[in-house]
Amino acid sequence: MIDLEGLNAEQRTAVEKIDGPLLVLAGAGSGKTRTLTHRIANILDQGRVSPHGILAITFTRKAASEMRRRLEELVGKEASDITAVTFHSLGFKLLSAEAGTLGYKPEKLSVYDAVEAQRLLHRAMQEMNVNGTRWTLETVAPIIERAKDNLYGPDDFVRVKGDFFEESIAKVYRRYQELLMENNAVDYGDLIRLSVQLLRQHPGTLEFYQNLFRYVSVDEFQDTSFAQYQLVRHLVWRNRNLCCVGSPVQAIYSWRGADIHNILDRYREDFRDAPVVILSQNYRSTSTILNSAQAVVQDLSYREDLRTDNDQGASLIVVPLNTDWDEANFIANEIKRLDEERYCGIEDCAVLFRTRAQGRLLEQVFMHQGLPYILIGDFKFFERREVKDILAYLRVVHDMFDASALQRIINRPPRGLGTAALQKLQGGEPELNFAAITGLHQRADLPPKVLSAATEFADLIFDDLPNAMKEKTLTEFFDEVLNRTGYLAWIEKDPDAKRRMANLRLLRAMTTRYDHAEEALGNFLADIATLSVVEGGDTSLDVPSEGRGVTMATIHAVKGLEFPVVFIAGLEEGIFPHARAMKTPDGMEEETRLAYVAITRAMSLLYFTYARSRMVGDEMKEHSPSRFLAAIPKHLLERRSATQTVSSPIPNLPSMETELTALAIPALEPSP
Ligand code: ATP
Ligand code: MG
């Protein structure tokens, strides 16, 4: 029997309502995720279905592995048979298994990240002669992404026939899809859109998955896109066992295609009989923290008011600083002090910021001060040169037809196959491909130097490396790749060698959970592909812990998580709220929700910092303090100067047994 003791009456109602649709709405820290996991445990407990029949979807990969961890605590080993994934991994699972039905080659579906996708899009734009100032990648890419979020394919893209703009985009979109198909690749948007298409067009497949996933739950429902909602809606349409959990006041991803109407009205129209359970007690934060968060969103009609029995706790500490540099130093010093005075450990602290650019300075200062940190939501990791290079080597070994990977590594490290040589090798083709590299012996047109360099390269990737894979673990093979390609020696001479090596070590650490290279390589690459999904979202690194560290993240990346001590940096007009968002009422409203999310991550102690001047791009800019500070009642705040040491007693932290979700290092998702 699962223990329902640790649940309040409202939570218990939701946990015990097993069959049929159910909507749980509540503000931050009210136990939504906890309710959802207990409910799944209860479904298993009642013997309704085996763990294979349970599908639980969450927003980030970190949240998904956290959910698996919580489930394992509740139901034990069985938890590993539950499908607890992100939408993108679910899409990947469906498409990998069924891609053949959609005209893809089933066995080697690649998922293109933003950079690779844009490369193809660029080509499509060129081929379709769509260019000029109005047609940049920056304008066209989001249009196609949003189309996919709303399930518009190239053929249903044009709303107004004859509209030049729409017709042009549709042409590019169509060509872009053809190019993806040629590469046997999908982009992130396709993971969802094509999955829906698959279920819509193939009743047999739909029925199979409807029978497989008997109970479906979705956490963070407020941030699902139209396409994502349609995906679950199809899956549950027959048995209707769909539980959605969310918080409209925490909707923060509309800029990336999330549609708040799913939670506000669409679900209720589709499932008219769904009971709505409202949770009303916050367990996470001191009443001071909770009240300040609620003050910030008091004008939003759909806010969810919460009460708490928790102590009042300390005042929120506001620290003005002169520059962003001072700010970063203050935060680092303060965390060290909290640690030295044993108020908390550094791993209990999180530093949150609005823009990724702020993270770079913080990283620099933390590194300089020798204060360990873990950067989460660092999707840039997979865009770093050395990481992409080594992954490209692995991809070529896995799939020698992978033209984009081949192109990337042919002269990295430099082996005399620079641009001019490459053009000769390509012999008029738009891209270097497998044929160009394998047909070398027939190429009388190539200069001897190019020929010998290319032959050596072909031997390396088609013979040496595949042979080196035999009988090795993936990690051993990873090391072989670094050595045999000469990449390691090359990178060691790089001016930025230290950082690049650190990134490669991180990538290497990700290989350690896999076994035999030959069997595991494909799974590893597939995991990485779904891991590096879209900006700010599903991006937590699955890295075995390298010790403790401060969590550093954008606010978007920490939704659902909690930390005893939180610093929110850069509370300045133009930074947070962000200048771009301030231009529209909708943008401003989303910033307000983001402020609510930021504040409610904190359990005990919360700092707000702002700098009078800050580097933005390459300009020093003056900012005034954020309006969010003004929205918080004065009596909840305490102003301090950076040099002032804490004189007021700090309250004790809550018992460290509480679920410090942020600290758990997620386990690798079973390979799709
Ligand atoms: P968010 O909106 O940020 O995702 P949430 O509503 O999902 O928050 P949880 O993360 O599930 O909230 O819970 C917040 C904290 O409160 C957790 O530490 C959880 O263990 C604790 N908690 C939730 N319900 C209870 C309860 N009934 N008794 C004690 N602690 C609880
Ligand atoms: Mg939650």
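Predicted model: local features only at pLDDT ≥ 70, side-chain atom pairs only at ≥ 80, totals over all residues.

Trainee: Fine. Which atom of Gly31 lies 3.0 Å from an oxygen atom of ligand 1?
Mentor: A backbone N or O atom of Gly31 does. With a distance of 3.0 Å, that pair falls within the 3.5 Å cut-off.

Trainee: And what does Glu562 do there?
Mentor: An N or O atom in the side chain of Glu562 is 2.6 Å from an oxygen atom of ligand 1. Gln11 also takes part, with a polar side-chain atom 2.9 Å from a nitrogen atom of the ligand.

Trainee: How much of ligand 1 does the protein bury?
Mentor: The protein buries 90% of the 640 Å² that ligand 1 exposes when taken alone.

Trainee: Which residues come nearest to ligand 1?
Mentor: Of the 21 residues around it, the nearest are Lys32, Gln250, Arg284, Glu562 and Arg601.

Trainee: What classes are in that shell?
Mentor: The shell around ligand 1 has 10 polar, eight charged and three nonpolar residues.

Trainee: Which helix gives the most to it?
Mentor: Helix H2, residues 32-45, which gives three residues to the shell.

Trainee: Changing topic. What is the mean pLDDT of the protein?
Mentor: The mean is 87, and 92% of the residues reach 70 or more.

Trainee: Where does pLDDT stay under 50?
Mentor: One such stretch is residues 532-546, for which the model has 61 contacts beyond four places in sequence. Over residues 645-672 the pLDDT is below 50 as well, and the model gives that stretch 80 contacts beyond near neighbours in sequence.

Trainee: What about aromatics, how many pairs are there?
Mentor: The count comes to 17 aromatic pairs. One of them is Trp135 with Phe165, a stacked pair with 4.9 Å from centre to centre and 20° between the planes.

Trainee: Why does that pair tie together parts that are 30 residues apart in sequence?
Mentor: Because Trp135 lies in the loop between helix H5 (114-127) and helix H6 (137-149), while Phe165 is in helix H7 (residues 164-182).

Trainee: Which residues does a cis peptide bond join?
Mentor: Arg412 and Pro413 are joined by one, with omega about 0°. Pro413 sits in the loop between helix H16 (403-409) and helix H17 (419-426). Another cis peptide bond joins Phe576 and Pro577, with omega about 10°. Pro577 is in the loop between strand E13 (563-568) and helix H24 (585-599).

How values were computed. Residues numbered from 1 in each chain as written. Chains lettered and ligands numbered in written order. Heavy atoms only, no water. Near = heavy atom within 4 Å. Polar contact = N/O pair within 3.5 Å; in protein donor to acceptor, adjacent residues only side chain to side chain. Areas by Shrake-Rupley, 256 points an atom, 1.4 Å probe, with all protein chains shown as cover. Helix = DSSP H or I, 4+ residues; strand = E, 2+ residues; numbered from the N terminus. Nonpolar A, V, L, I, M, F, W, Y, C, P; charged D, E, K, R; others polar. pLDDT = per-residue confidence, 0-100. Contact = heavy atoms within 4.5 Å. Phe/Tyr/Trp six-rings, centres within 6.5 Å; stacked < 30°, edge-to-face > 60°.
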